Amino acid sequence: MPELPDPLERQQRAARQERGEFVARLLEEGPLGVLAYEDDVPVGWAAVAPRSATTFARNRKIPHVDDLPVWSVWCIRVRPGHRGKGISHALIRGAIDFAREQGAPALEAYPLDNRGAKVDLTMAYAGLRANFEAAGFRHVADTTSVLSGHPRVLMRFALD
């Protein structure tokens, strides 16, 4: 008799399939951000879209500072083995260029304000304040959002 996967494994497999189908549907609507490559291998991704199309449109912990139809970069991922090479900086620059090409008036980010403290890499997907500052983003508001024990701040880069 063949061995059946345990319930947790079945649930995880179903969740991966649903997530894959969800991403496929999103991709039909257009790009979901920017990719970084190293020798034709994707090594990083930054999610970039109009804030109105993200969960940040109704997030109570991340404020809206005005009525400008801003875009958001809310997730930056760099593959293990490729970190520490400046890829997240390149992804932020790519997100700026992409949002500008799409006609966004400004780009927002909601990174961790870790003040130099070590951050659990599984929770650093929001990015780090220092990396956004290095790209020219400016702090425009504090938030009540906390991730991995660090406060998140609202930063903005004007594109016009």
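**Entry 1**

I began with Ser148, which counts as partly exposed at 32% relative accessibility. By the cut-offs I used, buried means under 20% relative accessible area, exposed means over 50%, and partly exposed lies in between, with a 1.4 Å probe and protein chains only. The model is a predicted one, in which local features need pLDDT of at least 70, side-chain atom pairs count only at pLDDT 80 or more, and totals for chains, interfaces and linings use all residues. Residues are numbered from 1 along each chain as its sequence is written, and side-chain values use heavy atoms, with hydrogens and water left out.

I placed Ser148 in the loop between S5 and S6. Its phi is positive, near 55 degrees, although Ser148 is a residue other than glycine. Most residues other than glycine have a negative phi.

I then looked up the two strands. S5 (residues 138-147) and S6 (residues 150-158) run antiparallel and are joined by six bridges. Two strands pair if DSSP finds at least two bridges between them. S5 and S6 form a hairpin with two residues between them.

**Entry 1: The overall layout**

I counted three helices and six strands in the protein. These are DSSP runs, numbered from the N terminus: helices are H or I with at least four residues, and strands are E with at least two. The order from the N terminus on is α-β-β-β-α-β-α-β-β. Of the 160 residues in the protein, 38% are buried. Among contacts with a separation of 6 or more, 62% are between residues 24 or more positions apart; a contact means heavy atoms within 4.5 Å.

Is Ser72 buried or exposed? I found Ser72 buried, with a relative accessible area of 0%. Ser72 belongs to strand S3 (residues 71-78). Leaving aside residues up to four places away in sequence, Ser72 touches Ala47, Val48, Ala49, Pro50, Arg51, Leu107, Glu108 and Tyr110. The side chains of Ser72 and Tyr110 are joined by a polar contact of 2.6 Å. For a polar contact I required a pair of N or O atoms within 3.5 Å; within protein, one must be able to donate a hydrogen and the other to accept it, and residues adjacent in sequence count only if both atoms are side-chain atoms.

S3 and S4 run parallel and are joined by three bridges. Val73 stands opposite Ala109 in S4. From S4, Ala106 and Glu108 point one way and Leu107 and Ala109 the other way, and all are buried.

**Entry 2: Arg115**

I located Arg115 in the loop between strand S4 (106-109) and helix H3 (129-134). Arg115 is exposed, with a relative accessible area of 68%. Its phi is positive, about 50 degrees, although Arg115 is not a glycine.

**Entry 3: The lining of the second largest pocket**

Which element gives the most to the lining of the second largest pocket? I found that H2 does, with four residues. By class, this lining has nine nonpolar, seven polar and four charged residues. Ala, Val, Leu, Ile, Met, Phe, Trp, Tyr, Cys and Pro count as nonpolar, Asp, Glu, Lys and Arg as charged, and the others, Gly among them, as polar.
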